Amino acid sequence: MAVLRVKFTKTKRDKLAQVLWILNWISVVTGAILFSLGIFLKVELHKQREVMAERDIQYVPNMLIAVGLIACAINFLGGKICYDCVDTTKFLRWKLIMLPYIICTFFFTFCVLVGALMCYCMHGELEESLNLGLTEAMRFYKDTDTPGRCFLKRTVDMLQVQFQCCGNNGYKDWFQIQWISNRYLDMSQKQVVDRLRSNVDGKYLLDGVPFSCCNFNSPRPCIQQQITNNSAHFNYEHQTEELNLWMKGCQQALLEYYTNIMQSIGLTVLITWLFELSVLTGVRYLQTSLENVLRQEDPNSESDGWLLENSFMETARSNLNIIKSLGKGNQIDTAGNGDPNINVPSTSKAHYGPDNVPPKQITEAS
């Protein structure tokens, strides 16, 4: 029994073909949108590449770019097919192509769904990449005179100002690294030397943060040095008073920024998947109804269209039997080609001549 059988008149078939022609062109536009979203995401990730570890996080924008290009090609072809299907006689040129086209489009829509799910599953890899990348960038913040690292100070400062964040997980991350280069330390001061000697690794650590951590919305002048020393500042208590620094870590700020982008893109891709699936359903109805018209040999007659000619179980069973028969055929071919003794004449009984007598005996007898 056919699944979701629908009866179509000549007028309904023509209208269905015309509507599908329009929808396929709309799908071409959605494919271009997916391509643009992939480019946009790739550019946004590239902007912060200096504070990201080398992780394979570019697969999502690459997937969107590929899906967008394929969507434009498939739906352009689908629009041409649906336009010709308005005329039953023109359908004959596409008759053998439509079923493979529908199957390929079905697998393509599955790829679109995978792309939507990938947008929501990227959070963990992105978080790890940001955590490692920001840690490395902060560690090399002071190396302004080292080739290959001299740009990191400006990158981190611009990041903290733009995203209103401080450190990796918070401003206290700067307490654990030396972010002031030794070339700017006065070694003639006993305080500096003692601080360097007090650290096992010989690092100059202090309870201060770079200027880019300062919250410019605070009415109080920024306190970025001796943050934990209450006596160093008038009317100040660092444990109870809200500091005039950005309290959010840059990892969280960037993660929230990219998560919002990914969720928006994922929702767009999911809507596109539903739209593509509906167009594919209409093309399947058009194909089956036109094939039934050809069987009736009357282009103006009514015809039935369906999604599956048989039930889901029968279709699955028949496809499984086809796969099994193909597998058995391959096994037989492999067995036949792999046996070196097949079609090789046996030498255990040689036929020498009349009455199976060797040629030498025949000569002696003569």
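Biologist: What is the mean pLDDT?
Modeller: The mean is 82, and 84% of the residues reach 70 or more. pLDDT is the predictor's confidence in each residue, from 0 to 100.

Biologist: And where does pLDDT stay under 50?
Modeller: One such stretch is residues 346-351, for which the model has two contacts beyond four places in sequence. Residues 360-366 are also below 50, with three contacts beyond near neighbours in sequence. Where pLDDT is low, the predicted coordinates should not be read in detail.

Biologist: Got it. How many helices and strands are there?
Modeller: Ten helices and two strands. Both are DSSP runs numbered from the N terminus: helices are H or I with at least four residues, and strands are E with at least two. Of these elements, helix α6 (residues 152-162) has the highest mean pLDDT, 94, while helix α10 (residues 359-365) has the lowest, 47.

Biologist: What does UniProt list as "transmembrane region"?
Modeller: An unreviewed entry there gives residues 21-43, 63-86 and 98-118. UniProt positions follow the numbering used here, feature names are shortened, and annotations may be inferred rather than shown by experiment. In the model, residues 21-43 are 100% helix, and their end C-alpha atoms lie 34 Å apart. Residues 98-118 are also 100% helix, with 30 Å between the end C-alpha atoms.

Biologist: Switching topic, how many residues are in the largest nonpolar core?
Modeller: That core has 79 residues, and W174 and V209 have the most contacts inside it. A nonpolar core is a set of buried Ala, Val, Leu, Ile, Met, Phe, Trp, Tyr and Cys residues joined through side-chain atoms within 4.5 Å. Buried means under 20% relative accessible area, exposed over 50%, and partly exposed in between, using a 1.4 Å probe and protein chains only. Helix α8 gives the largest share of this core, 16 residues.

Biologist: Why does the core lie between domain 1 and domain 2?
Modeller: Because domain 1 (3-137 + 255-307) and domain 2 (143-251) both give residues to this core. Those bounds come from an automatic or database domain assignment.

Biologist: What does W174 touch, leaving out residues up to four places away?
Modeller: Its partners include M138, Y141, W179, V209 and C213.

Biologist: And V51, is that buried or exposed?
Modeller: V51 counts as buried, because its relative accessibility is 0%. V51 is found in the loop between α1 and α2. Its C-alpha atom is separated by 4.5 Å from that of G133, though the two are 82 residues apart along the chain. Beyond its sequence neighbours within four places, V51 is in contact with residues including S129, G133, T155 and L254.

Biologist: One last one: where is E44?
Modeller: E44 is in helix α1. At 8% relative accessibility, E44 counts as buried. Not counting residues up to four places away in sequence, E44 touches Y257, Y258 and I261.

Note on methods
Residues numbered from 1 in each chain as written. Predicted model: local features only at pLDDT ≥ 70, side-chain atom pairs only at ≥ 80, totals over all residues. Heavy atoms only, no water. Contact = heavy atoms within 4.5 Å.
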